[in-house]
Amino acid sequence: MSRAVVIGSGPAGLMAAQALTQAGHRVTIAEAKPSAGRKFLMAGKSGLNLTKDEAPETFADTYAEASPRLRPMLAALGPQGVMDWARGLDQPVFTGTSGRVFPEAMKASPLLRAWLGRLMQDGATLRTRWRWTGWEGGALAFDTPDGAQTLDADVTILALGGASWRRLGSDGGWANTLAARGVPLAPFAPANAAVARPWSAHMAAHFGTPLKAIGLRCGPYSSRGEAILSAYGLEGGGIYSVSRGLREGHPLTLDLAPDLTADAIAARLSGPRGKASFSNHLRKRLKLDPVKRALLQELARPLPQDPGVLAAVVKALPVSDATLRPMDEAISTAGGIVWDGLTEDLEIKALPGVYAAGEMIDWEAPTGGYLITACLATGLHAGRAAAARLAAGA
């Protein structure tokens, strides 16, 4: 019987294995960690955001320059397909007010257990603590608890993740192995990353406080959402979605009153102040909460007294000295195998019979269900292509 090996047990790897087992092939899944799907489980700790329920075109456009290559894969497994897949594992889902889709259980663990159970039932074998080290001759080589092992494979799917969250298995260590085989790679870079910014002592009282209803802009990237003020800077969905701009060298600005125009802010600030302190004037006139007022003082002191000038600062508060937190802390990474190094089937051109899926490929997307959906879609695409290769006897 033909042998299929999937290396990596995150969403991309497990979906590739599912495609192969559904085509009637036995599959060995090799995972370096003691258990499967560790980053997937971590993603679900605060509620597993599987996908986003929005129009296919809008959804696909989110992937920016990678969109043309991902579009056919997302057409095969997009938001609706992901919801149907979860339901097929007896995991009902619901759509939140923002369009984000979650399992009713909210956690990732019930879904992962059901998925692994189905895969094992359908002919997959999971080998944990099997760390892939490359090739020995034509065979796949692994470090295992029983020493060095090899596996012969007719098709191999690599789903080893990017280069963030090393402790969960995505360490990017595969890059040197593939580069030595002539696979073209783009350097890894943090994506969906928190921002580091040194604060003065008076900001400590606000650490852990959410910045609600703010606008964020960093070059061509903008969002509206929330962020958390932390001891080291800013984190949260709103920041993650514009962090690419900071990586590209653009300045980061915050809109502390996104529901008001600059003219409306200036008009409000022009009202009589009386005996109120300037901080209370801002609170009463603009409804700015304490953390927003503290940020305004921290980043723009001395505050301009002219209402029009101050309004412009409120609408575009510059976050000076902002840098990205280390890549290993990022939710995801850009970089990896470049698209020109892959066929339309996600087969690595330099390695016939070897496919790539998930974050190993050079694409990025914001949080909100886009990351997991594209990992699932590329895993399905690679798995189906590998199954077709086996069926053709290539």
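The dialogue below takes up side-chain contacts and sets each value against its definition.

Tutor: Two remarks on conventions come first. This is a predicted model, in which local features need pLDDT of at least 70 and side-chain atom pairs count only at pLDDT 80 or more, while totals for chains, interfaces and linings use all residues. Residues are numbered from 1 along each chain as its sequence is written, and side-chain values use heavy atoms, with hydrogens and water left out.

Student: Why is the contact between arginine 244 and glutamate 65 called a salt bridge?

Tutor: The term requires a side-chain nitrogen of Lys or Arg within 4 Å of a carboxyl oxygen of Asp or Glu. The closest N and O atoms of arginine 244 and glutamate 65 are 2.5 Å apart, so the pair qualifies. Arginine 244 lies in helix α9 (residues 243–247) and glutamate 65 in the loop between α3 (56–61) and α4 (67–76), so the bridge ties together parts 179 residues apart in sequence. Helices here are DSSP runs of H or I with at least four residues, strands are runs of E with at least two, and both are numbered from the N terminus.

Student: What makes arginine 244 buried or exposed, and what of glutamate 65?

Tutor: Buried means under 20% relative accessible area, exposed over 50%, and partly exposed in between (1.4 Å probe, protein chains only). Arginine 244, at 15%, therefore counts as buried, whereas glutamate 65, at 56%, is exposed.

Student: Which side chain also meets arginine 244 in a salt bridge, with 3.6 Å from N to O?

Tutor: That partner is glutamate 364. Glutamate 364 lies in the loop between β20 (354–356) and α14 (370–392), so its bridge to helix α9 joins parts 120 residues apart in sequence. With a relative accessible area of 15%, glutamate 364 is buried. Glu65, Arg244 and Glu364 belong to a network of salt bridges that also includes Arg247 and Glu248.

Student: How do you know that lysine 315 and aspartate 255 form a salt bridge?

Tutor: Their N to O distance is 2.8 Å, which meets the criterion. Lysine 315 is in helix α13 (residues 307–315) and aspartate 255 in strand β16 (residues 252–255), so the pair connects parts 60 residues apart in sequence. Lysine 315 is partly exposed at 22%, and aspartate 255 is buried at 13%. A search of the whole structure finds 16 salt bridges.

Student: How many disulfides are counted?

Tutor: The count is 0, a disulfide being a pair of cysteine sulfur atoms within 2.5 Å. Cysteine 218 is buried at 1%, and cysteine 375 is buried at 10%.

Student: What makes tyrosine 63 and tryptophan 363 an aromatic pair, and of which kind?

Tutor: Rings of Phe, Tyr and Trp (its six-membered ring) pair if their centres lie within 6.5 Å; planes under 30 degrees apart count as stacked, over 60 as edge-to-face and the rest as tilted. The count comes to 10 aromatic pairs. For tyrosine 63 and tryptophan 363 the centres are 6.0 Å apart and the planes at 65°, so the pair is edge-to-face. Tyrosine 63 is in the loop between α3 and α4, and tryptophan 363 in the loop between β20 and α14, 300 residues apart.
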